[in-house]
Amino acid sequence: MQTRIAIWSLALAATSSLAANPAPLPGPAFAHFATPAALDARCTQYLRHADAALKRLVRVRGGPRWLAAYDDLNGRLEDMSSPVSFLSQVHPGKAIRDASEACELRWQDFYSSLNQNEALYRAAKAATGRDEIDRHVLQTTIEGFEDAGVGLAKAQRARAKQISDRITDLGQQFDKNIRDENTKLAFTPDELKGVPEGVWKDAQRDDQGRVLLGLETPISVPLMQGAVSATARERMWRARQDQGGSVNLKLLAELGQLRREYAQLFGFKSYADFTLRRRMVRSTDTATRFLDDVRLAVVVREKTELEELRQAKALDTGQADAKLQRWDLAFYTERTKRERYSVDQDAFRPYFPPLESLAFVMRVAEKMMGVRYERIHGVKLWHPDAMAFRAIDVKTGKALAALYVDAYPREGKYGHAAVWSTRTSATRQKRAPQAALVVNFDRKGLSLDELETLLHEFGHALHNNLGMTRYSAGREVWDFVEAPSQMLEDWAYDPKVLALMRDVCPTCMAVPDDLLARAKVAERYGKGMQYATQRLQASYDLALYDAAAADPMALWARLQGDTPLGHVSGTMFPVGFSHVATGYAAGYYGYLWSEVVATDMRTAFGADKLDAAVGRRYRDTVLASGGQLPPETLVRRFLGRDANAKAFFEELKR
């Protein structure tokens, strides 16, 4: 997952308190706030700077200079809005997290007004571009103004701004309800039979001696995969389904209504129609047909896999008519893989120590794309676990970007894996990009699945760090943004790639070739269920934002009820489905759409995933260009042909 929100702070001369001695990293140093009041004061100060800078830009008329002047403002605003969203995801202090969210709402008010500024819109339309990059960035900038409502009548424009600001507020509340939930489930040691001891042995106990476990991924996934007790699995599964609480259903319903009303202000029947016209997919109809194609490609495979798991449960329980439940899926999938392929995900942890695994993916990037990562010590960050790295071009020795990594789980921290593209590049400003990689490693080591996730997220970090865009104002297309990260997932199963672990950890044990070979075969098992689930969630997302005002829970119960396992009454999956509430609204199909592109791009590497020539071409044509050109153009230049879905659908048949 990627989140594209600016978060670092500009080291203005008037506010040199960011760092007494700026860190030796490309771009500004990280901002620190001792108290919520200090954050609020900085927020107020920077918003005054922003207002003044905006007034100066309004005086610049359209022409060859306008785009550069607008980009200067965009970069400065991106840096000044830095403390807002990211600190709310990772800061250990709840008061600071709350203050950063309050500041973000103030910035949302500023941006929604800026995007409706008629003078800027007229200047953008009058501006001229010298080449295809200028023209594309100008076009997407103009579209941004138009989609914000600059062309609407006065009353409608005011309503569009009001809706936009409210959507940001509701999205914050939705995510906060998930992130700040601190549910602890009590299990007896007998109920945890089959769960790796490292997951629970040192956990807190209640006054009855029961083990207290939270819902975070490093705990819930091993429990769901390993617990012999169906009751224990069910309790964890239900708790995860309801994470965020019923209040999030109300928020999601309001989000659906507001987005529908927003689209109707522009003459569109649905929010999906409004937003998808700017994406690769172009229309809701095309997205729906694509999802139908995926369903047809996996429906038989899904039913076959589910029946195999049901039979495994029947054999395990001695009940020939055993019914497969949703909380059985992870357990019997992992058991089937162990029995059929002799593959146990937990067995990989000794081979992939957490920090060495991070160094490994950085080494992969060095071999493939010619970028080396160097850790910078002594940089004060938001938590002692956080680390700072400098990205350096191997050939020239030039510092390219900064990368921050927050590795381990803790209360109040974002609970999954994601990259915040914290600062975009702009070569005309000599502006170095920055990103933050947030993961939740098991300190005892990574499973192979988790290594695959790390490669995925590092792909997002590379997309940011290797950007060489002319302007910071280019916009990424949401149904392409996952492709560069999804492409790297397959690297986890290549023995030549994994051999690079020895470069960064000579004492680490090498994964046995036969184990890796079995894991690669086992990885294909369950793909029918996996893609069917993704298709279901993507279809729900599109339906939630179509022309009908569907109740979020009733809609989910109906769509999930039409699947082979049906809907489990009383569960509320949508309350924790953050993507559908925030940035991916009407865009969750993009994960599957991007995978089509990723699978196609992967074909360029053939049998050698570390081919430096292909890697460099990929870096220069795809990653370096960011959002300054249409993704179709970038992929065509990389592959030497138009992208197609052949490789993706062939993969589904394997």
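What is the handedness of the link of C505 and C508? With 80 degrees about the S-S bond, this link is right-handed. The model is a predicted one, in which local features require pLDDT of at least 70 and side-chain atom pairs pLDDT 80 or more, whereas totals for chains, interfaces and linings use all residues. Residues are numbered from 1 along each chain as its sequence is written, and side-chain values use heavy atoms, with hydrogens and water left out.

**Disulfides**

Begin by selecting C505 and C508, whose sulfur atoms are 2.0 Å apart in a disulfide (a pair of cysteine sulfur atoms within 2.5 Å). C505 is buried at a relative accessible area of 5%, and C508 is buried at 14%; buried denotes under 20% relative accessible area, exposed over 50% and partly exposed in between, with a 1.4 Å probe and protein chains only.

Next, select C43 and C103, joined by a disulfide with an S to S distance of 2.2 Å. The torsion about this S-S bond is about 95 degrees, so the disulfide is right-handed. The pair links distant parts of the chain, 60 residues apart: C43 lies in helix α1 (residues 36-58) and C103 in helix α4 (residues 94-114). Helices here are DSSP runs of H or I with at least four residues, numbered from the N terminus. C43 is buried, with a relative accessible area of 3%, and C103 is buried, also with 3%.

**Nonpolar cores**

Now select F352, L403, F458 and L462, the residues with the most contacts inside the largest nonpolar core, which has 135 residues. Such a core is a set of buried Ala, Val, Leu, Ile, Met, Phe, Trp, Tyr and Cys residues joined through side-chain atoms within 4.5 Å. Helix α21 (residues 527-544) contributes the largest share, 9 residues. Apart from this core lies another, of 58 residues, including L47, Y70, I96 and Y404.

**Rings and charges**

Select W478, Y540, W556, F573, F577, Y584, Y588 and Y591, which ring pairs link into a cluster. Rings of Phe, Tyr and Trp (its six-membered ring) pair if their centres lie within 6.5 Å; planes under 30 degrees apart count as stacked, over 60 as edge-to-face and the rest as tilted. F573 and F577 are both buried.

Finally, display R235, which lies over the face of F187 at 4.5 Å from the ring centre, and K609, whose charged end sits over the ring of W491, 5.6 Å from its centre. The criterion is NZ of Lys or CZ of Arg within 6 Å of the ring centre and within 35 degrees of the ring normal.

Terms used:
Helix = DSSP H or I, 4+ residues; strand = E, 2+ residues; numbered from the N terminus.
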